[in-house]
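Please look through the structure below before reading on. The paragraphs after it go from the model as a whole to single residues.

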Amino acid sequence: MRTLLKLISFAGLGLTVIPSFLVFAGRIAWGTHAALMLVGMVLWFASAPFWMLGHRSHPTTPPAP
Amino acid sequence: MSTIQPRAAAAPVSPQSLADRLDAINEFDREPVTPDRLQGPGSFIGLYAGEHLAGTEFVIGPLFVAHGVAAADLVLGLLVGNLLAVLSWAFITAPIATRTRLNLYWHLRKITGPNLLFVYNIVNALMFCFLAGSMISVAATAVGLPLGLAMPKLNDVYPNSVGWVLVVFLVGTTVTALAILGFEKIAAAGQVASPWMFMVFVAAAVAVLPRLGVTSVGDFWRVASERIWTGAPAHGVAKFSFWHIMFFAWFCNMAMHIGMADMTVLRYAKRWQYGFLSGCGMYLGHFVAWIASGVLCAAALGDVAPGPIAYLGAGVTGAATVVIASWTTANPTLYRAGMALQTISPNWKRWKVTLAAGAVTTAAAIFPALMMRLLDFVALYGLILMPMGAVIFADFWLLPKLGLRQRYAEWKSLLFSWPAALTWVMTLVACWAINAMWGLEIFFLGLPGWFIATVLYVGLSAIQQPARLQPARAEA
């Protein structure tokens with residue numbers, strides 16, 4: 001399950017960044033890039049919290065003034 | 001080198017004294033970090049990379065463009081300035097943090113006494129409020145997009161419409177409510193968002209490059225020099241040189257490195273060399289992200305409002321990124337402000353204190369000058385807190401070499417260290433005088449200020465402890 005979640009997250013990151021290079025190369029339109037980024041954002045936030053937060057220990061909680 | 005001493009006998013204070021009130025807030029954080037709680041390098045890579053990718057990055061890059069820096073000056077200035085910042089973390093903050101294993105609060109308390117620390121906390125809280133306020137302004141530029149809100153311009157000081165005030169109020173209320181409901185969840189959301197946010201910065205900039213006339217990698221430098229960082233400032237703002245960029249990159253986190261606030265983070269490091277890991281934050285956030293947001297600004301024909309420029313590069317995702325980046329920064333900042341302000345009235349519930357901090361923050365955010373003059377504010381913020389970092393440095397490394405006692409306030413059970421207080425005030429007065437007499441801009445004042453503070457604290461400590469200095473001289 002964790003591996004699947006990670007795969008979804010990385011697919012989300014891919015959809016966030018790869019279309020911009022395709023716009024740069026003239027392969028896709030800007031509108032397509034914006035739509036794919038939106039899908040990437042949804043995929044990232046739907047999957048990353050479940051594997052990132054469970055195993056991340058943070059050095060500062062709560063922060064001191 | 002200093003060794004960690006057990007706490008000296010507490011000052012004879014009443015149960016409701018200032019010292020008790022301060023201590024009650026940090027009750028569980030006063031001991032040195034134990035070896036089993038030390039963290040490996042991965043935690044620090046993630047922490048620094050996330051911490052330096054925030055809503056402010058959408059403002060700073062465009063402001064560099066507006067200040068007319070040339071492309072070569074920008075790149076070289078960022079490379080050198082960020083390197084100096086990393087070295088400051090590694091050679092100034094981390095060695096003390098990993099030897100004392102205490103957070104800034106408890107270490108400084110031993111040097112300044114609790115009453116001066118109280119003043120420091122209040123100043124810190126106000127700075128945090130203004131910093132969070134700038135984040136709320138940044139978020140408002142994205143929230144206002146679908147409403148057709150007229151965005152503030154570069155030289156705006158006051159709000160330009162009732163709509164702006166209402167949107168800021170809405171954003172400020174939401175941020176404050178979220179901070180009251182649960183700081184830790186928002187902080188966790190910030191950690192999750194960081195890798196994605198970095199991708200959005202890169203993607204948004206790459207996607208607008210064709211609009212600027214970049215059709216191949218080879219075109220980039222020519223376009224960067226001719227259309228992005230042209231060397232010509234916008235109307236009404238000062239021109240930035242290599243030195244401005246270098247010093248800004250070095251000192252924009254002055255409160256954290258030479259100001260020593262990141263002792264709180266680096267006390268968990270297994271080795272002092274982890275200070276070098278701050279480079280992950282510097283070169284991702286303060287190099288790539290600043291360049292990316294500068295590209296977006298140029299594509300938006302010089303518009304500096306973060307919401308519209310992010311939308312131009314990444315559509316709805318860009319606007320969402322501005323909101324998420326701002327909120328995830330504003331919330332922990334507001335939380336820290338609340339913690340510091342709670343020292344005034346510890347009987348208040350945390351939610352009431354956070355509400356008060358949120359009200360101050362939102363009121364400040366209504367003025368777009370806070371966002372548009374962010375470079376000056378960030379420089380001022382670091383400068384005001386820096387002298388206490390110099391005090392910590394001098395107390396730790398220099399006083400023992402001169403035969404003077406470290407942490408004198410703790411040793412003598414003093415509530416207020418006058419050498420530390422005078423150092424703080426006199427350093428800021430000296431910096432103001434340098435600015436007024438020689439016209440040295442605020443971005444550069446941190447460097448002379450740090451040396452002035454260090455010398456002052458050593459000198460004033462020698463006056464405070466003459467009896468200790470004489471035997472040391474005699475031995476020498």
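Helices (H or I, at least four residues) and strands (E, at least two) are DSSP runs, numbered from the N terminus. One of them is helix H12 of chain B, residues 278–299, and B:Met282 lies in it. Before going further, note how the structure is labelled and what it is. Residues are numbered from 1 along each chain as its sequence is written, and chains are lettered from A and ligands numbered from 1 in the order in which they are written. This is a predicted model, in which local features need pLDDT of at least 70 and side-chain atom pairs count only at pLDDT 80 or more, while totals for chains, interfaces and linings use all residues.

The term pLDDT stands for the predictor's confidence in each residue, from 0 to 100. Chain B has a mean pLDDT of 89, and 90% of its residues reach 70 or more. Over residues 1–15 of chain B, however, the pLDDT is below 50, and this stretch has 18 contacts in the model beyond near neighbours in sequence. Two residues are in contact if their C-beta atoms, placed from the backbone, lie within 7 Å. Chain A averages a pLDDT of 86, with 82% of the residues scoring at least 70. In chain A the pLDDT is below 50 over residues 56–65, a stretch with 32 contacts beyond near neighbours in sequence. The model as a whole scores ipTM 0.89 and pTM 0.89.

Chain A contains two helices and zero strands. Of its 65 residues, 35% count as buried. A residue is buried if 20 or more other C-beta atoms lie within 10 Å of its own, exposed if 12 or fewer, and partly exposed in between, with C-beta atoms placed from the backbone.

Return now to B:Met282. Why does B:Met282 count as buried? B:Met282 counts as buried because it has 25 C-beta neighbours inside 10 Å. Leaving out residues up to four places away in sequence, B:Met282 touches B:His52, B:Asn82, B:Ala85, B:Val86 and B:Phe287. B:Met282 and B:Ala49 are 233 residues apart in sequence, yet their C-alpha atoms are 7.7 Å apart in space.

B:Glu57, in helix H3 of chain B, is buried too, with 25 other C-beta atoms within 10 Å. Beyond its neighbours within four places in sequence, B:Glu57 is in contact with B:Gly285, B:Ala289, B:Trp290 and B:Ser293. The C-alpha atoms of B:Glu57 and B:Ala289 are separated by 6.3 Å, although the two are 232 residues apart along the chain.

Helix H3 (residues 57–66) also packs with H13 of chain B, at an angle of about 140° and with their axes 11 Å apart. Axes are lines fitted to C-alpha atoms, for helices over the stretch in contact, and angles run from 0 to 180 degrees between N-to-C directions. H3(B) and H13(B) are therefore oblique to each other. Angles under 35 degrees count as roughly parallel, over 145 as roughly antiparallel, 65 to 115 as roughly perpendicular and the rest as oblique. From H3(B), B:Phe58, B:Val59 and B:Pro62 meet B:Pro306, B:Ile309, B:Ala310, B:Val322 and B:Ala325 in H13(B).

The largest nonpolar core has 192 residues, and B:Ala139, B:Ala204 and B:Leu296 have the most contacts inside it. The largest share of this core, 19 residues, comes from helix H13 (residues 306–341) of chain B. A nonpolar core is a set of buried Ala, Val, Leu, Ile, Met, Phe, Trp, Tyr and Cys residues joined through C-beta atoms within 7 Å.
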